[in-house]
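Q: I am new to this structure and would like to learn how its features are read. May we begin with a single contact and then widen the view?

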Amino acid sequence: AHGEAGVLAGLVMRLFEDGRQEPKEIINDALIFLHAQEQGASVLTRNMKDFGKFLALMPKGRVLFYVT
């Protein structure tokens, strides 16, 4: 999943980002997203910014968002 996370993070950064986010952060989030997808699990997060973009590219992923 590491290579795929790099590809997904690169796509998100090219398609959606304005250059202000650290690549390391988006790669880590992509790895979490893809690992959960491989396991058939959902991700529970408040990070709507990044995980919403992952879902836009890979709508079969499962993410539950919450607010505090």
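Q: Which side chains does a polar contact of 3.3 Å join?
A: A polar contact is a pair of N or O atoms within 3.5 Å; within protein, one must be able to donate a hydrogen and the other to accept it, and residues adjacent in sequence count only if both atoms are side-chain atoms. Here the side chains of arginine 46 and threonine 68 are joined in this way, at 3.3 Å. This is a predicted model, in which local features need pLDDT of at least 70 and side-chain atom pairs count only at pLDDT 80 or more, while totals for chains, interfaces and linings use all residues. Residues are numbered from 1 along each chain as its sequence is written, and side-chain values use heavy atoms, with hydrogens and water left out.

Q: Where is arginine 46 found, and is arginine 46 buried or exposed?
A: Buried means under 20% relative accessible area, exposed over 50%, and partly exposed in between (1.4 Å probe, protein chains only). Arginine 46 sits in the loop between S1 and H3 and, at 52% relative accessibility, counts as exposed. Helices (H or I, at least four residues) and strands (E, at least two) are DSSP runs, numbered from the N terminus.

Q: With which residues is arginine 46 in contact, leaving aside its neighbours within four places in sequence?
A: Contact means heavy atoms within 4.5 Å. By that rule, and with those neighbours left aside, arginine 46 touches Tyr66 and Thr68. The C-alpha atoms of arginine 46 and tyrosine 66 are separated by 5.1 Å, although the two lie 20 residues apart along the chain.

Q: Is threonine 45 buried or exposed?
A: Threonine 45, which lies in strand S1, is buried because its relative accessible area is 11%. A polar atom of its side chain lies 2.9 Å from the backbone nitrogen of asparagine 47. Beyond its neighbours within four places in sequence, threonine 45 is in contact with Phe51, Val63, Leu64, Phe65 and Tyr66.

Q: Which residues of helix H3 are buried, and what do they pack against?
A: In helix H3 (residues 48–57), the buried residues are Asp50, Phe51, Lys53, Phe54 and Leu55. They pack against helix H1 (2–15), helix H2 (23–39), strand S1 (43–45) and strand S2 (63–65).

Q: How many helices and strands does the protein have?
A: There are 3 helices and 2 strands, and from the N terminus on they run α-α-β-α-β. Of the 68 residues of the protein, 31% count as buried.
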